[in-house]
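Have your viewer ready and follow along, one selection at a time. Each stop tells you what to pick and what you will find there.

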Amino acid sequence: MQTRKKYIFLTFLASWLLLFFFGREQLRRFAFFPRRNVAARRSWPRWADRALLHSFAEPRELQGSGDTAQPSPRARRAAQLSTSQGSRCRMESCFDASRCQNGFKVFTYPREHGEPMSESYSKILASIESSRYYTPHPEEACLFVLSIDTLDRDPLSAHYIRSVEQRIRSFPLWNSGRNHLIFNLYAGTWPNYTEELGFDIGHAMLAKASFHSKNFRPGFDVSIPLFPREHPQRGGQSGWLHHNSVPPKKKYLLVFKGKRYLTGIGSGTRNALHHIHNGRDIVSLTTCRHGKDWERHKDTRCDQDNVDYEKFDYQELLHNSTFCIVPRGRRLGSFRFLEALQAACIPVLLSDGWELPFSEAIDWGKAAVVGSERLLLQIPSAVRCIRPERVLAFQQQTQFLWDAYFSSVDKIVHTTLEIIRDRLLPHRSRSRILWNALPGGLLALPDFSTHLGDFPFYYLQHGSGPSDKFTALLRAAPPLGSLSQPTLKLIQAISRSQYCAQILVLWSCEKPPPPSETWPQTAVPLTIIQGRTKLSDRFFPYSAIGTDAVLSLDEHTSLSTSEVDFAFVVWRSFPERIVGFSAWSHFWDPEQKRWGYTSRWTNKLSIVLTTAAFYHRYYHSLFTEYLPAGLRELVDSLTACEDILMNLLVAAVTKLPPIKVTQWKQHKEAASQPVKDTTAGSTRRFSQQQDCLNQLVDWFGSMPLVSSQLRLDPVLFKDQVSVLRKKYRYLEKP
């Protein structure tokens, strides 16, 4: 009984306690709780309370409209952007597309005498002026680029150009910046490194490095990479991972070696990098020894960090690591980004808010790991979880992106211009697949097609193949204006091929072609195209070519039907390459320090003559539209230079060698052996061809030709078996 009373008492007491603490407002309604003056209660002090805040600020400064308050740095930057005419620009509102109706041409302002200009900006202007986009006539231009160096807009820099705004406003073509493109690598200065350029860009587009996504205008600006002064003009070094090769297992998983900022913007991330260092497969090395007053600001870790920093070589770490940390510096971008791409070291980006280079076109999720500065400690476990096959795909994509868009100033500038060009013609713009797969957006011309199946590179991904017919394109330039007997025999042999769809004769003679009754009767259509005497005309994209395959022929070529059939069957298995009969090989002459070629019969080849070769018709468009007019003029002035240029172009696109197929012995000797001619004319022609090769290599920036020892023969070719068992039996006829 006592126990029961005890439980009842405790229950009653607990109920009152709960009611007191959680239901006081309801209890106050009862008479036995005296009512308090609610109005007398004071909550947390209000900002407008004069008694508490009179020594700090006036009430109207804190609760009013803020007219008299000093704006914050962020507000000042926002106000400056809002006063700029182009702060909300888009292509529809700030770009005059009517100027581009006659083509995408770029005009660069004339350079003033004595105008200071950095080496990097000189390269940018040279890239434009040597490209197919350039026009010297401003009335033809769709886009304008200033001759004033705007790359470095840090007032503390020696390359800072002053009074830019006053100067550009005096240009008659400026038009408030409309249809102008401004390049910039460095913006802002110590201590905040904002993205201010120091002048009003008006309606101009920005091609800028270290772009913050808050300031980036999508569909209008272009984010470019930060590149060093030594970055090559064209060509550039290849990536460290060889094409179609599997890299060995790297010694390190994750590395970083670089500066550590002790104070200021960017110091937080780099100061925390030592937390992930384990000295085994993760190496994170920083140094404080930079700047003028680093000793005044150094902390307790600096001395030991400086000692450890010298124990490792930076290039060795790049070569031997799978992932490379790319943290922000004072600005969002850094040179380390391009260095990691070239080294096939997968970038791990720690730069919050960075609009990645060419993000409008490039899918960086296939080539980089985008981390967060706040989650730095999770990076090691995150990269360990990536499967080996995906790591390999990342590494291969870094090499593709480096070679396609970042290895030279030319490629960076041309990618910028092509992105803008795609915006002007959205119905003919490249898809992201074309931008992110070999050979890349620069080499997949939208004027040719935007459909993957029309290019020679994507048959495997598209699940299709080239057409089963070919078009023969025969260039005829008889000095007397009449057809020779070998030419007539060649036309008849080609027409008997089961794969031939039509024959086009490019008549490159000043005299008119013979009448139709003098041409041989063929089972396929025979069309005469009146051409010019220029050698480059043979690679013009004629609308009459209706097949994927083109058989390029010369009037002096001698082929049988079996040879043509076999070569076409081989080409259908390698539609991105040149497949032909006569071959040359290139070499480096260390004594003369220049490239040369030989037509001697060896087991090595790198050039297949287009006087008898199959290739995809897309290369006609690439030859005519991608290459600048200066190269085609060079081809027209030198003997046999068009063969070399076409081989260089295809090798630069595919990174693959041509393919040689079987040919009759007597034809092989006649085609590949040099003519025993010791005249001055023969020597001059050979010298011109050598000069042509070296001039073209200079334009490409490197030697794109790839050597091979492969020759494809039919099954049972030259085997001691019955000729009836051989499909191409006529290839072995004497």
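Begin by selecting F358, which sits in the loop between β11 (346-350) and β12 (369-370). Keep in mind as you look that this is a predicted model. F358 has a relative accessible area of 1%, so it is buried. Its backbone deserves a glance too: phi is positive, about 55°, although F358 is not a glycine. Most residues other than glycine have a negative phi, and most peptide bonds are trans.

Now widen the selection around this side chain.

**The whole chain**

Zoom out for a moment. The chain has 734 residues, and buried residues make up 51% of them. Colour by secondary structure and you can trace 25 helices and 23 strands. Among contacts with a separation of 6 or more, 74% link residues 24 or more positions apart.

Next, colour by pLDDT. The chain's mean is 85, and 83% of the residues reach 70 or more. Select residues 26-85, where pLDDT stays under 50 and the model has 36 contacts beyond four places in sequence. Residues 665-678 are also below 50, with 17 contacts in the model beyond near neighbours in sequence. Where pLDDT is low, the predicted coordinates should not be read in detail.

Select helix α7 (residues 119-129) together with helix α16 (residues 409-424): they pack at an angle of about 65°, and their axes are 9 Å apart. The crossing of α7 past α16 is right-handed. Show side chains at the contact, where K123, I124, S127 and I128 of α7 meet V409, D410, V413, H414 and L417 of α16. Five of the residues in this contact are nonpolar, two are polar and two are charged.

Stay with α7 and pick out its buried residues: S120, Y121, K123, I124, L125, S127 and I128. What do they pack against? Besides α16, their partners are β1 (106-108), β2 (143-145) and β4 (180-184).

The structure holds 34 aromatic pairs. For one of them, select W584 and Y597: their ring centres are 4.3 Å apart and their planes lie at 20°, so the pair is stacked. W584 belongs to strand β18 (residues 583-589) and Y597 to strand β19 (residues 594-598), so the pair ties together parts that are 13 residues apart in sequence. Are these residues buried or exposed? W584 counts as buried at 9% relative accessibility, and Y597 counts as buried at 4%.

**A strand residue and its neighbours**

Move to V283 in strand β9 (residues 282-287). With 1% relative accessibility, V283 counts as buried. Leaving out residues up to four places away in sequence, V283 touches Y252, L254, V255, F256, H277 and F312. Draw a line from the C-alpha atom of V283 to that of L253, and it spans 8.4 Å, although the two are 30 residues apart along the chain.

**Backbone details to finish**

Select W190 and P191, which are joined by a cis peptide bond with omega about 5°. P191 is placed in the loop between β5 (186-187) and β6 (205-208). A cis peptide bond also joins L438 and P439, with omega about 0°; P439 lies in the loop between α17 (432-435) and α18 (459-462).

Your last stop is S210, in the loop between β6 and β7 (222-223). S210 has a positive phi, near 55°, and counts as buried at 5% relative accessibility.

Key
Residues numbered from 1 in each chain as written. Predicted model: local features only at pLDDT ≥ 70, side-chain atom pairs only at ≥ 80, totals over all residues. Heavy atoms only, no water. Axes fitted to C-alpha atoms, helices over the stretch in contact; angles between N-to-C directions. Helix = DSSP H or I, 4+ residues; strand = E, 2+ residues; numbered from the N terminus. Left-handed = near helix turned anticlockwise from the far one by under 90°. Contact = heavy atoms within 4.5 Å. Nonpolar A, V, L, I, M, F, W, Y, C, P; charged D, E, K, R; others polar. pLDDT = per-residue confidence, 0-100. Phe/Tyr/Trp six-rings, centres within 6.5 Å; stacked < 30°, edge-to-face > 60°. Buried < 20%, exposed > 50% of the residue type's maximum accessible area, 1.4 Å probe, protein only.
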